[in-house]
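Morning, everyone. I have one structure to go through today, and I will keep it brief. Please have a look at it first.

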Amino acid sequence: MTKDKIWLSSPHMGGNEQRYINEAFNANWVAPLGPNVNGFENDLEQYLGNKVQVAALSSGTAAIHLALILLGVKMGDEVICQSFTFSASANPIVYLGANPIFVDSEIETWNICPIALESAIKDRIENGQKPKAIIAVHLYGMPFKVKEILEIGERYQIPIIEDAAEALGSKYDGSFCGTFGTFAILSFNGNKIITTSGGGALVTNSKIDKEKAVFLATQARDDAPHYQHSEIGYNYRMSNICAGIGRGQMEVLDVHVSKRRDMNQFYNDLFENTDEVQVFKEPYSEYFSNYWLSTIVLKDYETREKLRLALEKENIESRPLWKPMHLQPVFEACPYYGGNVAESLFKTGLCLPSGSNLSENEKDRIKNIMLDFFEI
Ligand SMILES: *Cc1c(COP(=O)(O)O)cnc(C)c1O
């Protein structure tokens, strides 16, 4: 008999999601607008604080696309993007006919390296083009070096898009991730810290930008009794049903963050007595990670693969860290700045089951395999 699958990160309902969906059905608000959409945006604005404005969208990818449009990115422009990330961070650059410039990570947060970033900016300017935006990612929920990166953006007058798709509930120096950049984006895909089944959001400090985002996300209809368009629009708004799930999920977000942090502690305790495994941790006290995924680094690629296969054999999902964008066939021709930090993490790192809904029995199964594998 095969054992039940243990997932890396699976949806975890709080209980009230169904109630918000029922309200939508009862009022026949089964549409890409309605009270749940406004309610969910309001919940997120309250949660993030700092007077942010939130536009609920169909995905995090759509949010990055709209952020780039609102920053005026056009065909032939250059946009800097963290290489160590999921492809959705970079794809919207290409949707616009612009060119991604990839930058390596540093070893403390695994996110965009300030030194490599600055040399990329200088070189691109020397090359004749100043980058239009910088996409920095809080990967696996770990905040990037916010102070250093914002300072570089300020100095060169290049706006920052914060990809906080994996980092809702994470904080840097007491403020939530998603409140630092000119724009930030969130994702509520099925495997994220909270889910709306599929969805995302654009976060901004400007009410005008939020309104513009909503306008573009609803097919850019001019104010007229008939359908009139002076701009190209998109069908990117979140539905009132999905937003209902989101409202229920917001009620349990903090519980989910604390359970994911408990999972991280579980791995720290488990590997305390072996130096064969490095559990990825917050580097300094300013950093508070939601630990969306708990990740480890092994001594080499072979050990990583052996462990991954040992887990797979027991029907436990684990996954290599993100494959850097500059190593992806589709982005082969794009310029890259930095060394081999992201590449080496990709070779030796592994994401472990990290969900907020793992049972004691499931944790025991993981623990037993690890104890056996590392002979601890
Ligand atoms: C999930 C994710 C996205 C995209 O979000 P979707 O809602 O799936 O479109 C973007 N960036 C990162 C880092 C992600 O993990």
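Let me begin with the overall layout: the C-alpha centres of domain 1 and domain 2 are 25 Å apart. To the contact between them, domain 1 gives 46 residues and domain 2 gives 38 residues. In the domain assignment of the protein chain, domain 1 covers 17-250 and domain 2 covers 253-374. Keep in mind that this is a predicted model.

Now the ligand. Where does the ligand sit? It is found in the largest pocket.

There are 15 residues around the ligand, and those that come nearest are T61, D163, E166, S187 and K192. Sorted by class, the shell around the ligand is made up of 8 polar, 4 nonpolar and 3 charged residues.

At G60, a polar backbone atom is 2.8 Å from an oxygen atom of the ligand. At K192, which I listed among the residues that come nearest, the side chain has an N or O atom 3.2 Å from a ligand oxygen. At G199 the backbone is involved, with an N or O atom 3.4 Å from an oxygen atom of the ligand.

How much of the ligand's accessible area does the protein cover? On its own, the ligand has 380 Å² of accessible area, and the protein covers 95% of that.

Definitions and conventions. Residues numbered from 1 in each chain as written. Predicted model: local features only at pLDDT ≥ 70, side-chain atom pairs only at ≥ 80, totals over all residues. Heavy atoms only, no water. Near = heavy atom within 4 Å. Polar contact = N/O pair within 3.5 Å; in protein donor to acceptor, adjacent residues only side chain to side chain. Areas by Shrake-Rupley, 256 points an atom, 1.4 Å probe, with all protein chains shown as cover. 1 Å grid on protein atoms, 1.4 Å probe; cavity = no way out; pocket = protein on both sides within 12 Å on 5 of 7 lines; lining within 4 Å. Sits in = over half its atoms within 2 Å of the grid points. Nonpolar A, V, L, I, M, F, W, Y, C, P; charged D, E, K, R; others polar. Domains from an automatic or database assignment. Contact = heavy atoms within 4.5 Å.
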